[in-house]
Amino acid sequence: MAHTQFVNSPKSFVADAIRGLTACTDDLAWHADPGYLTRRTPPERGRVAVLSGGGSGHEPMHAGFIGRGMLAGACPGLVFTSPNALQIDAATRAVDAGAGVVHVVKNYTGDVLNFRIAADLARERGVAVEHVLVADDVASDKGTDEAGEPVGPGMRGTAATIAVEKICGAAADRGDDLAAVAALGRRVADGARSMAAALRPCTLPGADEPSFDLPEGQIEIGIGIHGERGTERRDAMPARDLVRLLADRILASLRPADGDRLIAVVNGLGASHPLELHLLFGELHDHLAHRGLVVARSLVGSFTTALDMAGASITLIRCDDEILELWDAPTEAPAWPNAPSRRVHGPGAAAPSSGREEAPGGEASGAAPAPGRPDVRPPGIGAVGEWLGAWARRVIDEEPALTRLDRQAGDGDFGTNMVAALGRLDVEALRTASSPAQAFAAVSDAYLGHAGGTSGALFGVWFRRLGSAAADAGADAGSVVFAVPDLARGARSGLDAITALGGARPGDKTMIDALDPAVRALETAVADGRDTGATPSAAAALSSAADAAVRGAESTAEITARRGRASYIGEAARGVVDPGALVMAWLFEEASRAA
Ligand code: ADP
Ligand code: MG
């Protein structure tokens, strides 16, 4: 059995889940025989009841939408299998409060047939039933014949279903009669279109394989919510392009007029993160605005899922004042957002793409000495700006490797943190900084202001201390020189600060393992110079510091971490070099090179 879900046995998957659901929901009762859910609160006499149902695996739809102001009940089938007619008939009679029942049915043959049969059975017992069909998925649109009837089974019913359930539920709650509730439901369903794309297929509980295979780096477009394959497959593309593709297909079918108001739904298919869904909505909003359409309401979240599929659908729904009023009406259904947006605020300007792409290429390449610039190197370690620039460039170039190390031993964000800071540096400005103190301060600010994580804080403080040492050394403004004794002092002060903040000691598998030996090597060189009365050779001092730092960093591979995220996985990180130590070792290597 594939281990992609929490499951006792595939056979009892749905029943086991319903058991937990009713246990944690106040107004929900499960009637095991023949199998339907209703509110616990008895139906209010004289109100129309809205009933839905369908295969399981789309939760929170439908069970989560049972509650005052939405559904009176729902009939869950097995995973991706329609409920049977007797379940629906019993549920229909149970929820009827004398004013009739509206069936909200997704357009799949099994659902349609079973709801039809159940409606007939219920009518035989004197219950009035109306049927509202939801058929919104444009990917399954085969067009219409000469008579205007859909070719084939018609479009599949997907996420627009929850909008129909919401509007019908609110209309029933305000006291509309059966015909009026059904007419509103049809109006919403007719004015709604959806389309979905998947980044990863879903796997049925107990299945050995996902519902379709999707090679790495590909997107399946036009998928259904039961693991049906899509209508086309594309190479991975930026989310913005995917949103435009889906929205344009939807709009081609919906054909709203200029200035029409729409409800826009971004729906996660089960395994896509809220951050991704919000990102998609920002793009969708921009695109609709660009096309002259008004987003009157929005709904973003995972409502109509396809088990654990990674992907999302977009639904656009034409609306008018009455639909909006019903959309805004309160409901106690647990899965409807408790504070849905009543207004759509423009998302603001799109950010420049962040992270690696934003990082330099261009900027950092300024790290190499500009042609024609006189290469005058006074004693000391040479131009601090060039040293730091070369180091920053190296760290940025090595981001993938650093990320890999932190993924093996920590949480994988180290490389991103480095790039978030160093990618902000204007390397050219560094090279022409008026003093070493200013150059160090720029790097420190970049870390403290733009990087996160442990490393952002510790590197920020480290460079701050180097900057203070440079300032204390009284290097003339205009000087680009940082003498070895000053560096030794600054590095010791930085090491002390990191130790005080993070509490790590040598042997804890952190950057300290590179820093501590490097600082000691610098101090030894300074002391030796003092003993012999000679100015320490910058080149020799820095080369011994670099060697010590590199050896220290390499030694971390043999250590089990006791500090930082790597400590959570203990032994498992053995053999992996600590990325923070590595980057510190590079700093000394680049210093040695610059000397
Ligand atoms: P996190 O993900 O743990 O917030 P980062 O991924 O940004 O941190 O940085 C991880 C690096 O930080 C490690 O490679 C290690 O060198 C360093 N580090 C972690 N904890 C400490 C500590 N207490 N003292 C010094 N360095 C530390
Ligand atoms: Mg990390």
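Strand β10 (residues 261-268) is joined to strand β11 (residues 294-301) by 7 bridges, and the two run parallel. Strands pair if DSSP finds at least two bridges between them. Strands (E, at least two residues) and helices (H or I, at least four) are DSSP runs, numbered from the N terminus. The model is predicted: local features need pLDDT of at least 70, side-chain atom pairs count only at pLDDT 80 or more, and totals for chains, interfaces and linings use all residues. Residues are numbered from 1 along each chain as its sequence is written, and ligands are numbered from 1 in the order in which they are written.

Strand β10 also pairs with strand β12 (residues 310-318), in the antiparallel sense and over 7 bridges.

| Strand | Residue opposite Ala264 |
|---|---|
| β11 | Ser298 |

Together with helix α7 (residues 274-290), β10 and β11 make a right-handed β-α-β unit. Right-handed means that, with the strands pointing away from the viewer, the path from the first strand over the helix to the second runs clockwise. Of the 8 residues of β10, 7 are buried, that is, under 20% relative accessible area (1.4 Å probe, protein chains only).

A second topic is the metal site. Asp406 (OD), Asp411 (OD) and Asp413 (OD) coordinate the magnesium ion (ligand 2) at 2.0 to 2.4 Å. Donors are N, O and S atoms within 2.8 Å of the metal (3.2 Å for Na, K and Ca); water is not among the atoms, so sites may look incomplete. The donor residues are spaced D-x4-D-x1-D in sequence. Asp406 is buried, at 11% relative accessible area, whereas Asp411 is partly exposed, at 34%; partly exposed lies between the buried limit of 20% and the exposed limit of 50%.

Terms used: Heavy atoms only, no water.
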